[in-house]
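Sequence and structure first, then my notes.

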Amino acid sequence: MNARLLSTSPFDPSRYVGSVTFISPDAAKINLPHAAGVAPRQYSGYAVLGGQVGEFVFIEGEGVAVLGRITEVRLPDSERLKAEPAAGERPDAHPIGFVQLLTTLELSSGKVISGIPAHPRIGQHVYSAHPLLVKHIVEGADATSEGVVELATIPQDASTKVNVSPAHLFGRHCAVLGATGGGKSWTVARVIQEAARLGGKIILVDPSGEFHTFTDGVRSVFLGGQRRDARDSRTFVSFPYWDLTEADLFAIFQPSPGAQVPKMREAIRSLKLNYVLHGDGEPHVYTKRDASKRDFNLRVNSNEGLVEAKGAKYRIKYLGKQIYEECVFESGGTRNEPDHSVWGAYDERIRGYCDTLVSKVFSITRSKALECLFHPQDFEPLTEKLDEFLASGDAVLRVSLEHLPFEHNARELLINAVGRHLLGLAREGRFQSMPTVVVLDEAHQFLSKSVGGEDNRVYLDAFGLIAKEGRKYGLTTLLATQRPRDIPEDVLSQMGMFIVHRLINDRDREIVEKACGNLDASAAAFLPTLGQGEAILVGVDFPMPTPIKVTEPLFPPKSEGPSYAKFWRKRPVDVSQVESDLPRHRNLHDAYAELLGLDAEEVGSLVDVEPFARDGSRGEMLYSYILDFTGLASPEVEAKIRAKHGSLSVEVGAHFFDGLRL
Ligand SMILES: Nc1ncnc2c1ncn2[C@@H]1O[C@H](COP(=O)(O)OP(=O)(O)OP(=O)(O)O)[C@@H](O)[C@H]1O
Ligand SMILES: [Mg+2]
């Protein structure tokens, strides 16, 4: 760390807060004569708290100042009652503060020394730390270098900025953690906007489309969904199915392990061979019935390179048909004189086993929402857009998934595949000269978990791999998640920087403590009480965990607190449909009256029913709401509801509350 002169003395008498009465290797107790005063003081325009939990203090030493943080303030038991107000008098109490010792500042050089080489002694004086000195310690050499990310300010003093160098922030991957509503997305937006200002390169995966507000130097593409009409100028891109692995496809189509898995595998291979032989022309399927096995094998062998190549093309439109074509007897001829050189006739029994798979293939490949995957010819490929972006002067490529459905694990598999593609580019050295950061908000959806049924599990490992090996290729990640416990330890351990927002869950806190190294229990104790936008900044190169208030991004993401609105927005909503279907002026009363077949005045307190959201096992997709009116209605009204719905428990669609005036 560079030596820099200090902007002010750490031992300014007007910032005196007390003296040391007890010292242990990592903590100290101090007298805090001013802490029982009700209001903090001001000096030279900066607040002097004088003994408040969370406050930074300097303890005098020889040639050094030891920085600590007050973690507890209390009155000795005998003085408890002195805290009670006595008219007009200042309390004559003697509070004691507990201080966690953090790091040491060398006065002559302004250098920050890790640890506490020389401990303070009893009786030494303690001073409230000046915000500028806290900033000095946190930033180290960063503040002197050009082009820093203006990330945050010090919570007690909005005018003292905390700047971080891009190398510190992105160089070893960064994790933004925190409970829902803590401010992760805003922090992500701040970081991206700063990176863009500094001319960085960011690929932003935007799961819910909330980052659409920032447009300067940003290219936006949509994976999933399609243009509404000719005037719609958004760019919809594809990620072609032939770039998925076989395991990905199995996780989507879920073939059963008996007959369906081998038939589907063979069918894909046959289609790939067929494509090599005939391209888009006829025949579209490879007929195996009565065909020579030798011919087939010869063709496969002589085209092996093309058929087995990564991303080998084929036409999934004919997959169902080809699966049927695979359902033939192993040999031709007759029962008494089998001919093993050819396949036999269609095996209706196996075809029967494959029926469910074929109909699944048929419906999923024709799903409108998945056209970006199964009809790539109608869109521009994401991979091309990526290349264009990397060659361009733009700072951010935003890949919005707002229209991509949760069904069939498409979101997870596609993003994982995009991650795999990026890792491939990285290994080719494409980011060597232009370090690039992939930003993944809501990373727990896409990271290190498996998707698919029991028999067709796919482990989403692409971003874990980027975290592990991307750095040496110039590709790093910024992962934002509300579920740190879902990120495997070996991925978390690769992170060089943590921005930890409010965290309530104990297990999450433990995991973060473990992963952050220098975030000890006393600093972690502040996590549950952080406000929106407040965070603790912990870095491997940082001298200590630092509380910060993230500066509001110029263009905040459009996100509200946890509410219905949030869930509704997160669903892949066909907006045009919702808008045209539902009159905007309806209120909840009218909607319930219509739903239950009641007159408006009969609805009464029924509007108080608590809707129960059915959101599937993963809680990420909202299917419907259950409204249980038991006990809320008069017997006559109950009878009416029963007459219409057969029960007092009524299920309504996920769109039911959209556009209502609540
Ligand atoms: N730096 C900030 N300054 C001021 N307000 C903030 C800041 N960060 C967040 N907020 C407030 O907190 C709200 C929630 O923030 P945000 O959407 O970033 O939370 P989140 O952690 O991403 O939540 P989720 O897990 O639900 O996505 C914002 O709508 C905003 O009002
Ligand atoms: Mg968010």
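Which residues in α5 meet which residues in α9? Before going on, I remind myself that this is a predicted model. I looked up the contact and found Q260, K263 and M264 on the α5 side, with Y353, C354 and L357 on the α9 side. By class I get four nonpolar residues, one polar and one charged for the contact of α5 with α9.

Next I checked the geometry of that pair. Helix α5 covers residues 260-278 and helix α9 covers 348-365. Their axes come within 10 Å and cross at roughly 65 degrees. An angle of 65 to 115 degrees counts as roughly perpendicular, so I note α5 and α9 down as roughly perpendicular to each other. The crossing of α5 past α9 is right-handed.

Then I turned to α5 and helix α8, which is residues 319-326. At what angle do α5 and α8 pack? I read about 110 degrees, with the axes 8 Å apart. That makes α5 roughly perpendicular to α8. I have the crossing of α5 past α8 down as right-handed.

For the contact itself, α5 brings K263, M264, E266, A267, S270 and L271, and α8 brings L319, Q322, I323 and E326. Sorted by class, the contact of α5 with α8 has five nonpolar, two polar and three charged residues. Going back over my lists, K263 and M264 turn up in the contact with α9 and also in the one with α8.

On to a sheet. In what order do the strands of the three-stranded open sheet run? I wrote down β27-β28-β29, with antiparallel pairing. The edge strands are β27 (612-614) and β29 (649-653), each pairing on one side only. Neighbouring strands of this sheet are turned by 30 degrees against each other on average, ignoring direction.

How many bridges join β28 to β29? I get five, with the two strands running antiparallel. One I picked out by name: D628 has S649 in β29 as its bridge partner.

Last, some totals for the whole protein chain. I have 21 helices and 29 strands down for its secondary structure. Of the 662 residues, 42% are buried. I also checked contacts between residues at least 6 apart in sequence, and 71% of them join residues at least 24 apart.

Methods: Residues numbered from 1 in each chain as written. Chains lettered and ligands numbered in written order. Predicted model: local features only at pLDDT ≥ 70, side-chain atom pairs only at ≥ 80, totals over all residues. Axes fitted to C-alpha atoms, helices over the stretch in contact; angles between N-to-C directions. Helix = DSSP H or I, 4+ residues; strand = E, 2+ residues; numbered from the N terminus. Parallel < 35°, antiparallel > 145°, perpendicular 65-115°, else oblique. Left-handed = near helix turned anticlockwise from the far one by under 90°. Contact = placed C-beta atoms within 7 Å. Nonpolar A, V, L, I, M, F, W, Y, C, P; charged D, E, K, R; others polar. Pairing = 2+ DSSP bridges. Buried ≥ 20, exposed ≤ 12 C-beta atoms within 10 Å, placed from the backbone.
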